[in-house]
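This report describes selected features of one protein model. Please consult the sequence and the structure shown here while reading.

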Amino acid sequence: MNHRAAGVAPSNPPPSLSVLHAQAFPMLDRAMIDRAAPYGMEISVAPGSVLLNSGDREAAFYIVLEGYIEVLECESDRAMHSLLVHRDGEFTGSLDLFTDRPNAVTVRADSASRLLRISRAALEHLILAERALAEILLRAFILRRIGYLRQRPYGGAILRCAARDGREDPVMDLAVIGGGPAGLAAAAYAASEGLQTLLVGGSMSCGEAPGLGALSGFPGTISGLCDGGLLRRAEDQSSRFGAHVLPRRTVSGFDGDCYPYRVWLDDGQMVETRSLIVATGMQEAAAGGAPLEANTAWLDGWLDTDDQGYIHTGRAAAGSMQARAYESSQPGVFAVGAVRAGSVKHVLASIAEGAAAVQVVHRFLDASAH
């Protein structure tokens, strides 16, 4: 019996899709499971036991030691549809584990099963302490979100941008600038929730650009998320879920004097967007030995920042009237992750901010549409 749910992956997928699927649903070997064991507790569950409920905010992470764990989604008619089944060595979870969002799916045992249960708090400790395992888990969580709509059996996202005369609206709903943890999370959530999204991934100095390697001023950054490979794989699949990914491009300028806003890329291309998330991280200061500065020179003074270029948001942003969370002094322009003044410079905090900011972007776009 094939316990993998039908429709999750084609029987003979193209190489790029096969790689994406394998990294989104990896199988942990015995050594990796042994590394995770001290952070959790082994449990046995009966067939039909519900481990996570859709809509709940309390969540845990499970590694399947023996048995089958089914992931289900509630359809519009309230019927439960099976998305996939995890088997021995695989694990549950997505980026929702690091955000305040309710669980998007229900998880239940499909057979009598032995599991390693790790609480959300313990998982955060594991991510920080076990780098090799952390790269596998976080990459899988991000790719699962990217591939979420592709796995759904009843169609893709309905883009907020309505087609005109049969043509796609050339104006983006959202441009995410920066391909580090915060930018990846923001783009993955935005695209999977139906926003026409552009991710300019080369604008985050996180491993590839000079001065910001995995441990340079950004504690907890996982190098495997920032080596460019994940972005290139996302680019291969981006057209499937309504996002456009430019992993090698960087931004060169921003015009906040018009709406939709205009963003220029390093190849001279101009992009129009209704909203913007800045997730461009930090870079070394020009003067050797000086504190790290925010990578915001391309904004050319349009946003209220501190002396090191970190972007003020919410009530701290000069001239901000509505004081939305993560919103800068320019309405509809948001900052997340290390580039935001007062943020926790840490990979898990950045992922949480990127995901949370998308909820605020929705509210801004809804308001501006009226």
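## The largest cavity

Strand β5 makes the greatest contribution to the lining of the largest cavity, supplying three residues. In this predicted model, β5 (80-86), α4 (131-146) and α5 (148-151) each provide at least two lining residues. The lining comprises 24 residues, and those nearest the centre of the cavity are Val71, Gly93, Ser94, Val105 and Arg144.

The space within the largest cavity amounts to about 410 Å³. In total, the structure holds three cavities of 30 Å³ or more.

## The three-stranded sheet

An open sheet is formed by three strands in the order β1-β7-β3, with antiparallel pairing. Because β1 (41-45) and β3 (60-66) stand at the edges with a single partner strand each, one side of each has no neighbour in the sheet. On average, neighbouring strands of this sheet are turned by 35° against each other, direction ignored.

The antiparallel pairing of β3 with β7 (residues 113-119) extends over six bridges. Within β7, Leu116 is the residue opposite Ile63.

## Helix α3 and the sheet

Helix α3 (residues 120-129) lies across β3 and β7 and runs at about 80° to β7. Which residues of α3 are buried? They are Ala122, Leu123, Leu126 and Ile127. Viewed down the axis of α3, these buried residues fall within an arc of 145° and therefore line one face of the helix. His125 and Ala129, on the other side of α3, are exposed.

Definitions and conventions. Residues are numbered from 1 along each chain as its sequence is written. This is a predicted model: local features need pLDDT of at least 70, side-chain atom pairs count only at pLDDT 80 or more; totals for chains, interfaces and linings use all residues. Side-chain values use heavy atoms; hydrogens and water are left out. Two strands pair if DSSP finds at least two bridges between them. Helices (H or I, at least four residues) and strands (E, at least two) are DSSP runs, numbered from the N terminus. Axes are lines fitted to C-alpha atoms, for helices over the stretch in contact, and angles run from 0 to 180 degrees between N-to-C directions. Contact means heavy atoms within 4.5 Å. Buried means under 20% relative accessible area, exposed over 50%, partly exposed in between (1.4 Å probe, protein chains only). The arc is that of the directions from the helix axis to the C-beta atoms. On a 1 Å grid over the protein atoms alone, a cavity is a set of points where a 1.4 Å probe fits but cannot get out, and a pocket is an open set with protein on both sides within 12 Å along at least five of seven lines; lining residues have an atom within 4 Å of a point. Grid points are joined across faces, edges and corners, and a volume is the space filled by probe spheres set on the points.
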